[in-house]
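Visitor: Please take one part of this model and go through it closely. I would like the packing and the cut-offs behind each term.

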Amino acid sequence: MPNLGPAELVVLAVIVIALVGVAVAAVRAGARPSGPLAWRSPGLLPPVSADLQHRVRDLYAENKKIEAIKLIREQTGLGLKEAKDLAETLAAGRPLPVAPDHAQPDLASRVRELKAAGRGEQAVFLVRGETGMGQAEAERFVDAIDVADAAGEA
């Protein structure tokens, strides 16, 4: 190792201090993991209210995708990619990832809920996405689910 003089040691110390400062600033700023699946990990998806979910679906139905993504970012603090992924998940009627301690309603219950809200087309998308059924088969499945059963369960 070459001998370092006082000037070189000072420069090296300044670089190390700067790197430590950047790392501390990132931690204090609440840096989150990023990437397409980061928000899907339990505990990283912020709470998404039913109202926000409905508003996003309505905006997508009106072909206002950018407004839906902006709304998610404002309400949740998610990054652009994560908000876009979440908006697409909601628009397709797919279930949100949940922590293991939260029970996910079964497919039929979610279809009933969508049908009761007048979202039959989204119910078909949900069934197709979760089962791999074709369009006609998923429509028959959704039609076979009785919305009146939901009132009896409540």
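Guide: The buried residues of α6 pack against α2, α4, α5 (107-116) and α7 (135-144). Contact here means heavy atoms within 4.5 Å, and buried means under 20% relative accessible area, exposed over 50% and partly exposed in between, with a 1.4 Å probe and protein chains only. Helices (H or I, at least four residues) and strands (E, at least two) are DSSP runs, numbered from the N terminus. This is a predicted model, in which local features need pLDDT of at least 70 and side-chain atom pairs count only at pLDDT 80 or more, while totals for chains, interfaces and linings use all residues. Residues are numbered from 1 along each chain as its sequence is written, and side-chain values use heavy atoms, with hydrogens and water left out.

Helix α6 covers residues 120-131, 12 residues in all, and its first and last C-alpha atoms are 16 Å apart. That is close to the expected 16 Å, where the expected span is 1.5 Å times one less than the number of residues. The buried residues in α6 are Gln122, Ala123, Val124, Leu126 and Val127. After the helix comes Gly132, with a positive phi near 80°.

Beyond its neighbours within four places in sequence, Ala92 is in contact with Gln122, Phe125 and Leu126. Ala92 counts as buried because its relative accessible area is 19%. Its C-alpha atom is separated by 9.5 Å from that of Tyr60, 32 residues apart along the chain.

Tyr60 also belongs to the largest nonpolar core, which has 16 residues. Such a core is a set of buried Ala, Val, Leu, Ile, Met, Phe, Trp, Tyr and Cys residues joined through side-chain atoms within 4.5 Å. Val56, Tyr60, Ile72, Leu86, Ala87 and Leu90 touch the most other members. Two or more residues each come from α2 (50-61), α3 (65-76) and α4 (80-91), and α4 gives the most, with 5 residues. A second, separate core of 12 residues includes Ala123 and Val124, along with Leu107 and Met133.

As for the whole protein, there are 8 helices and 0 strands. Buried residues make up 29% of its 154 residues. Of the contacts between residues at least 6 apart in sequence, 52% join residues at least 24 apart.
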